[in-house]
Amino acid sequence: LTFSEDSGFNTTAFQHLEMAAVPWYQERFMKNVSLGSLYMLVTLRLLVYNLSRLNDFYLLENTLAILSNISPHAEQLHPYACQRLLAVMLTVTKKYAAYYDKLAQGQTGGAAAGGDGTQQQQQQQQ
């Protein structure tokens with residue numbers, strides 16, 4: 001999080017530091033990738049892992065803060081970093097829509113159940 005707050009580091013990572021190959025990144029073979037693209041890929045991977053398994057709010061808050069801090073400096077991203085960024089955004093959007101629908105159904109279901117109870121009480125009084 002500290003490095004992401006330094007605009008000089010972010011600018012240098014995306015514009016000037018490029019790696020010919022990344023043998024330790026096993027998900028995909030990449031050539032000529034900037035340090036900023038790798039930084040974004042690792043942060044996105046951590047975000048997905050947190051959302052799918054850990055559900056740690058503090059980690060979620062920090063990964064989103066990192067992405068927010070580096071996003072103004074992101075340029076010349078590796079195509080795979082762009083692909084992963086869009087995939088994560090799509091996944092998060094789908095999860096948000098599912099939670100929103102679930103919340104809306106819960107509120108509607110609760111009101112309907114209360115309405116049924118009131119109707120039953122009125123019928124019993126008559």
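**Helix packing and the pocket**

Modeller: Helix α1 (residues 7–15) and helix α2 (residues 35–54) pack at about 105°, their axes 5 Å apart. Axes here are lines fitted to C-alpha atoms, for helices over the stretch in contact, with angles from 0 to 180 degrees between N-to-C directions; helices are DSSP runs (H or I, at least four residues), numbered from the N terminus. It's a predicted model: local features need pLDDT of at least 70, side-chain atom pairs 80 or more, while totals for chains, interfaces and linings use all residues. Residues are numbered from 1 along each chain, and side-chain values use heavy atoms, without hydrogens and water.

Colleague: Is α1 roughly parallel or roughly perpendicular to α2?

Modeller: The angle is about 105°. Angles of 65 to 115 degrees count as roughly perpendicular, under 35 as roughly parallel, over 145 as roughly antiparallel and the rest as oblique. So α1 is roughly perpendicular to α2.

Colleague: Which residues of α2 does α1 meet?

Modeller: Contact means heavy atoms within 4.5 Å. From α1, F9, N10, A13 and F14 take part. Their partners in α2 are L35, G36, S37, Y39 and M40.

Colleague: Which helix gives the most to the lining of the largest pocket?

Modeller: α2, α3 (57–70) and α4 (79–125) each supply at least two lining residues. Among the residues lining that pocket are L44, L60, V88 and K95. The top contributor, with 5 residues, is α4.

Technical notes: 1 Å grid on protein atoms, 1.4 Å probe; cavity = no way out; pocket = protein on both sides within 12 Å on 5 of 7 lines; lining within 4 Å.
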